[in-house]
Amino acid sequence: MAPPAQSQRSPSPSQPSGKSEVSDLKLQLRQLAGSRAPGVDDSKRELFKKVISYMTIGIDVSSLFGEMVMCSATSDIVLKKMCYLYVGNYAKVNPDLALLTINFLQRDCRDEDPMIRGLALRSLCSLRVANLVEYLVGPLGSGLKDSNSYVRMVAVMGVLKLYHISASTCIDADFPSILKHLMLHDSDTQVVANCLSALQEIWSAEASTSEEASREREALISKPVIYYLLNRIKEFSEWAQCLVLELVTKYVPSDSSEIFDIMNLLEDRLQHANGAVVLATIRVFLQLTLSMTDVHQQVYEHIKAPLLTLVSSGSPEQSYAVLSHLHLLVMRAPYVFSSDYKHFYCQYNEPSYVKRLKLEMLTAVANESNTYEIVTELCEYAANVDIPIARESIRAVGKIALQQYDVNAIVDRLLQFLEMEKDYVTAEALVLVKDLLRKYPQWSHDCIAVVGNISSKNVQEPKAKAALIWMLGEYSQDMQDAPYVLESLVENWDEEHSAEVRLHLLTAVMKCFFKRPPETQSALGAALAAGIADFHQDVHDRALFYYRILRYNVSVAERVVNPPKQAVSVFADTQSSEIKDRIFDEFNSLSVLYQKPSYMFTDKEHRVPLEFADELGNLSIGEAANNVVPTQMVEENDKDLLLTTSEKEETKGSRNNGSAYTVPYDGSSTSVFASQAQIESAVSNPTLAGHSPQASFAIDDLLGLGIPATPAVPSPPQLKLNTKAALDPSTFQQKWRQLPVALSQEISVNPQGVAALTAPQALLRHMQSHSIHCIASGGQSPNFKFFFFAQKFEESSNYLVECVINTSSAKAQVKIKADDQNTSQDFSTLFESALSKFGTS
Amino acid sequence: MISQFFVLSQRGDNIVFRDYRGEVAKGSAEIFFRKVKFWKEDGQEEAPPVFNVDGVNYFHVKVVGLLFVATTRVNVSPSLVLELLQRIARVIKDYLGVLSEDSLRKNFVLVYELLDEVIDFGYMQTTSTEVLKSYIFNEPIMVDAARLQPLRPAAIFMQGTKRMPGTAITKSVVANEPGGRKREEIFVDIIEKISVTFSSSGYILTSEIDGTIQMKSYLTGNPEIRLALNEDLSIGRGGESANDYRSSYGSGAVILDDCNFVESVRLDSFDMDRTLALVPPDGEFPVMNYRMTQEFKPPFHINCLIEEAGHLKGEVILKVRAEFPSNITANTVVLEMPLPKYTTRASFELEPGVTGQRTDFKGANKKLEWDLEKFVGGVEHTLRAKLTFSQDLHANITKEAGPVSMTFTIPMYNVSRLQVKYLQIAKKSSSYNPYRWVRYVTQANSYVARI
């Protein structure tokens, strides 16, 4: 406390600057030190108070150390406490003087009054002076055995403090094992809780160097300890309950009846008024049921009401913390909350960070039955005085439009936004209409009629302007004056500050030219000239590229710049599902509030102890394969795929219309020629032309982005697998622990495969037909996790595979472990080829 | 596990500062204050209760204008820490009687004493006022409660009801009253915060009641207490959607969507006769929180009309009717309404002869404000405002203004009809008859009428 560093701060009138007051105090303390006059304690109290108040406001009073210690020979407990506080604060910076206090603290540790024993012991351990640790061991040892629970409670924390000052002294004195004994036998629950906290910290810190410590750490989550704590949970204080619940999260029950026992025992914790207890309980429930899809689903239903109650009771701060967790659950399983959408309506007086969460939740839960109301509500916010929130509300409407099948009504709303004539509303709405058209080209007629009425002069924001220009280019055949609007934009080239807009303008003029050549020719010429002269490298490069490709062959240019487009079915999500899963695993922690996993904001040494998730433990072995994913789950999968966010989609989407790239282009003729050859081959290949995704790959490569062209389907290698391989789960688990990862890679899953992966079962049967067997599977959309195994034909050599498939990114993360490392590459090829055939056969 | 705890004044001064683990640099209070003060350059957005600066996580809650802050480097449960901060504020209030910058400054030694027992080396030990009593030796120094803005929600009882002893709720749990005798009394407050959104056509879009039964006990010897609620109270709306209003409006039954309880409540007979049994610990605590979406009669009906009245002119007519009985009076009623952004002037016209009403046009954020000190049940009040605009409105005037939002406090009235039927104190002595106060209050949480 009392940061000495702050002492130079300019003092406010209520805060004396220090110097003279401190020396004054020093004098007065000295006078009182030896006095035995009646009432001297009262005068001391006044002086001590002054000292501590100076300390708090940041005045350095460490020079009084000697006098304070002299004055502390008293039986007045209030004085003693103030003195302890002072000493604890300054001992670290005055290690020599701290020695002075040892004597009276040690004496107090043997006092008759347990209060004084406890207080003295706490202060003794709080000195944080390394060369005094030898004086700690004795009092701590007797403190742990004290008959009074207050003293034991303090002593346990004292052990932890000692560990932080000198780990070796603490370990040598065998304190951890005493704590372990106390944890399992003490009658006082706060002593037990403190032992648990201390042991978690000590053993986690030791685990990196000591085998034994890591065993002890694991023993904390063993069945006997967990059951012992769970059975007493109601005796613990609410804070200690949180501690125990957190520990239980890491426990892996052996079977489902155990899971249900634990859940039944903890059921009433969900009705607790303390949000921390409820969230800790929910985490236990969620973790325990991860592999039991239907029960997991029930848990969601079950925790809904308590969470909503917590959100609406308590302080705004607490309610925010709970709401963030609710947000996480809503994003994972929106269908569970779709009838509760009214709870996510924003209230006018809520802070922006709450409104933002609620907007995302409203977007997520929108479905056929509630969309009308939700969109109506969101439209109210669009006129909100809080402009950032108004903008986000409009974006939310757009996102809902993108994830709905019947967008009719929403399109009308969006078009109404365009007519509201508020700059920011128009800007946001334009961007949305553009995205909407990319997904639902059939709406072009209605949209274009309205967009055509918007004067480009009223649109200033680069993103919106780019969107408008994109539409002008894309739909120039439907918009009467498109060439002329573009022409006037080109004329004002120099006034356009955003490179993004200029890039779009180039492309749009090109597209317009292909559709209406006579009207656009002059604009195109002007645009290319301006573009080539542009100081911005990307704009310059693109203009030059267009110019050269036009000169080479106009029809090739058209096929490159304006190929027939397939509607975008899925916009990419900004956050990978791996990250989302990490955050979910860290439920009831800051990760949920920050929306990032802990490794992104915590230093290594401050990671929470006991972070040892057993990968397999989270999945049910064997039986999971028989679980049928409920259809709702599948729907959810679909929706999650459609959850879009603007950032990534911008880059991804532009791949389709060939704009907004940074094009590394060296301008040499050979390179153009080489690229040209590729175009030829790409375009002449009838199967690739136009609508297949491979076509865009080819174009990407032309642009030198280094993205691999059509992924080569590997030919099946020589490796032969045993069709009737068998491996029991425990052997698998053991092998998985022992073997190193032989290969780890990311494989793209073809779109048919993604579509076919509605439930884990589908893939299991398919892989089995390739002699790759599943031992465990689980997860929920969009993330599925599988553990496969295979055996070499006529050999007992095993291959173990962990495969995490993310359906929204269409990627599979594959880890392979093998008994025979030499053939793991062959097996990997085999696996990849089997996976690539999924959904096509 | 937390690293530091501190309380900052509105100006950013340290009132108390306790470092438990020495892991976070000393300047954290200043870093924190600067960050909170300048969260966004435009000053528009307030800082969230939790944020991270250079690997240090800062948690804060605002209580009576003070910032209660905790720091840590570890990825802890945010609700745990925020709950703890709130609880520390409550414990301090229990001891000091009044929580304010002044009372904290006068009693900081006592506060340090509390902090040392509440948290040890960053780990929570106890936040029970009851348990803490045996560890605390400093006597609280009382500040003059009358001079201070008392802490909500206690403040809401101060006006409007004569039955309440004014200072009772600002009494420390440890201080003795003059004469050395403690007055035996117990307070049970039913506090309901209501949220209603009216559509432009006046029908209810959403409504919710968030209620708390709060208790503050000054009983010696901790006798057991039985609190009986409405017998027809039911909890959980089963398969019904939470937003389905068809249910039982006016039928008498009180249906809670959900509720939660403080740890020490025994619910043995709750299912049978809706009775809560508990041994109230010293200090203030919520016995039960509940949430209700059952339809209720909104206490105020708002009618707002805004229209153009000639070139660069507009008119607003705002009518509010109190729908509660005339023996009840709401106080501190405020209505606010954003006006079109080109509004330069607004002139107001109140009903002839009314007193205790105040109107204002806030030029900076183009807001109309209407304060009514008192609002008697059954009465309707009207405000007319003539607006002058600096330029033509582009769109429909209704799209440029509103919504109307309202705040109020209605003492001795609750909309849910949840009631404490009786409050029984189990102590077998005929002479023992402590004061029991059961108080109801309704407050606006978000009360909005769209136009």
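1. Chain A folds into 40 helices and 5 strands, where helices (H or I, at least four residues) and strands (E, at least two) are DSSP runs numbered from the N terminus. This is a predicted model, so local features need pLDDT of at least 70 and side-chain atom pairs count only at pLDDT 80 or more, while totals for chains, interfaces and linings use all residues. Residues are numbered from 1 along each chain as its sequence is written, chains are lettered from A and ligands numbered from 1 in the order in which they are written, and side-chain values use heavy atoms, with hydrogens and water left out.

2. How much of chain A is buried? Of its 841 residues, 58% count as buried, that is, under 20% relative accessible area; over 50% is exposed and anything in between is partly exposed (1.4 Å probe, protein chains only). Taking contacts (heavy atoms within 4.5 Å) in chain A between residues at least 6 apart in sequence, 68% join residues at least 24 apart.

3. Now the cores. A nonpolar core here is a set of buried Ala, Val, Leu, Ile, Met, Phe, Trp, Tyr and Cys residues joined through side-chain atoms within 4.5 Å. The largest one has 276 residues, and those touching the most other members are A:Val61, A:Tyr86, A:Leu326, A:Phe417, B:Phe5 and B:Phe68. Have a look at A:Leu326: beyond its neighbours within four places in sequence, it is in contact with A:Leu307, A:Leu308, A:Val311, A:Phe337, A:Phe344 and A:Met361. A second, separate core holds 73 residues, among them B:Ile186, B:Ile225, B:Phe285 and B:Ile306.

4. On to where the chains meet. Chain A and chain B each bring 92 residues to the contact. About 7900 Å² is buried between them, with carbon and sulfur atoms giving 54% of that; buried area means the accessible area (1.4 Å probe) that two parts lose on being put together, summed over both.

5. How many salt bridges cross the interface of chain A and chain B? The rule (a side-chain nitrogen of Lys or Arg within 4 Å of a carboxyl oxygen of Asp or Glu) finds 11. One of them pairs B:Arg450 with A:Glu377, whose closest N and O atoms are 2.7 Å apart. On the side of chain A that touches chain B, helix H8 (residues 149-165) gives the most, with 7 residues. By class, that side has 40 nonpolar, 32 polar and 20 charged residues. For these classes, Ala, Val, Leu, Ile, Met, Phe, Trp, Tyr, Cys and Pro count as nonpolar, Asp, Glu, Lys and Arg as charged, and the others, Gly among them, as polar.

6. Two backbone angles deserve a look. Most residues other than glycine have a negative phi. A:Gln595, not a glycine, has a positive phi of about 55°; this residue sits in the loop between helix H32 (590-594) and helix H33 (631-642) of chain A and is partly exposed at 30% relative accessibility. B:Leu312 also has a positive phi of about 55° without being a glycine. Its loop runs between strand S16 (300-308) and strand S17 (313-322) of chain B, and B:Leu312 is partly exposed, at 24%.

7. Is A:Ser498 buried or exposed? With a relative accessible area of 14%, A:Ser498 is buried. You'll find A:Ser498 in the loop between helix H26 (482-491) and helix H27 (499-515) of chain A. A polar atom of its side chain lies 3.2 Å from the backbone nitrogen of A:Glu500.

Key. Polar contact = N/O pair within 3.5 Å; in protein donor to acceptor, adjacent residues only side chain to side chain.
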